[in-house]
Amino acid sequence: MPGGKLFVRRRDGRIEVRINDYGRTLVRGAFANVLAAERDPDHEWHLALSGPIDPSLDRDDPLSMLAREKDTSTNAELAGLSVDEQFLNDTEAWAWLTTLQVTLRSVAQTKGLLTDEQLAASDEEVLTYVRSLQQFLFQLADCF
Amino acid sequence: MKSQPVTTTEGDVLVEEAVRTQKPWNVIVWNDPVTPMTVVVVIFKRIFGYSNNKCTQLMLAVHHEGRALVWSGGRERAEAYCVKLQVSGLQSTIEQDN
């Protein structure tokens, strides 16, 4: 990771993206994975994206589930379309933030990182990926 | 919730019905070990429009207690908020108030 801020809110309201090629590759992969998981029921992350809304019911309200699927896909699509942009508008930056956060939660659930101890004990590659996502999110959240 | 009695007469029979309002539905956000605290605050602000202080208090409640009640009210709006939180990557559910 380079030093300095990775995302900067400019005076014209846009958010400048200052991540390097490694960062672009990482977020591009994250956005593509969320979109694929939303569309493919067999994807490793699919279950993480479709947790219950009301755990007391066997089946959640279909309209709520539909809204979730549609909104997740929309955010991931918008994030994917703007992944190479140097400047993001507010809607695109929000799509980046939510899609990166969905990625982080999906990785945590599929890798069984549900406690601080499990996170600390995870392998180096997973930990590096999680830390990178957290760094992006931490700095992007600072722009809102 | 307070019940409001409704009284009517049908012929010689006195009929009294109690109208009960439904218990509110709570939107719950659950803790996880990976989400940065600032992200949780930003998402709460964006979705609920709460003040920075309130969002920070709710985030800390999630962090320390494992879960926090972030909104309470009608079921449809509770579901809608729950969906927005899940789409934003936070683990959330709804449950009816006891």
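**Figure 1. The second largest pocket of this predicted model is lined by 13 residues.** N75(A), W94(A), T98(A), V87(B) and S88(B) are the lining residues that lie nearest the centre of this pocket. Two or more residues of the lining are given by each of α3 (62-81) and α4 (90-110) of chain A and by each of α1 and α3 (75-87) of chain B. Helices (H or I, at least four residues) and strands (E, at least two) are DSSP runs, numbered from the N terminus. The space in the second largest pocket comes to about 230 Å³, a pocket being an open set of points on a 1 Å grid over the protein atoms alone where a 1.4 Å probe fits, with protein on both sides within 12 Å along at least five of seven lines, and lining residues having an atom within 4 Å of a point. By residue class, the lining of the second largest pocket holds five nonpolar, five polar and three charged residues, where Asp, Glu, Lys and Arg count as charged, Ala, Val, Leu, Ile, Met, Phe, Trp, Tyr, Cys and Pro as nonpolar, and the others, Gly among them, as polar. Residues are numbered from 1 along each chain as its sequence is written, and chains are lettered from A in the order in which they are written. In this predicted model, local features need pLDDT of at least 70 and side-chain atom pairs pLDDT 80 or more, while totals for chains, interfaces and linings use all residues; side-chain values use heavy atoms, without hydrogens and water.

**Figure 2. The largest pocket is lined by 17 residues, with N31(B), D32(B), P33(B), T35(B) and H63(B) nearest its centre.** Helix α2(B) provides the largest share of the lining, three residues. The space in the largest pocket is about 280 Å³, the volume being that filled by probe spheres set on the grid points. Ten of the lining residues of the largest pocket are nonpolar, four are polar and three are charged.

Figure 3. With its 14 residues, α2(B) reaches 20 Å from its first C-alpha to its last, close to the 20 Å expected at 1.5 Å a residue; the expected span is 1.5 Å times one less than the number of residues. The residues of α2(B) that are buried are C55(B), L58(B), M59(B), A61(B) and V62(B). Buried here means under 20% relative accessible area and exposed over 50%, with partly exposed in between (1.4 Å probe, protein chains only).

**Figure 4. D90(A) takes part in a salt-bridge network with R9(A) and R46(B).** The side chains of D90(A) and R9(A) form a salt bridge with an N to O distance of 3.1 Å. D90(A) belongs to helix α4 of chain A and R9(A) to strand β1 (residues 7-9) of chain A, so this pair ties together parts that are 81 residues apart in sequence. A salt bridge is a side-chain nitrogen of Lys or Arg within 4 Å of a carboxyl oxygen of Asp or Glu. D90(A) also meets R46(B) in a salt bridge, with 3.1 Å from N to O. This second pair crosses between chains, running from helix α1 of chain B, where R46(B) lies, to D90(A) in helix α4 of chain A. Through shared partners, the salt bridges join R9(A), D90(A) and R46(B) into one network. D90(A) is partly exposed at 29% relative accessibility, R9(A) is partly exposed at 32%, and R46(B) is partly exposed at 38%.

**Figure 5. R18(A) and E16(A) form a salt bridge in chain A.** The closest N and O atoms of this pair are 3.5 Å apart. R18(A) is partly exposed, with a relative accessible area of 43%, whereas E16(A) is buried, with 14%. Over all chains, the structure holds nine salt bridges.

**Figure 6. V40(B) is found in helix α1 of chain B.** V40(B) is buried, at 11% relative accessibility. V40(B) and G89(B) are 49 residues apart in sequence, and their C-alpha atoms are 9.4 Å apart in space. Chain B as a whole has three helices and five strands, which follow the pattern β-β-β-α-α-β-α-β along the sequence. Of the 98 residues in chain B, 44% are buried.
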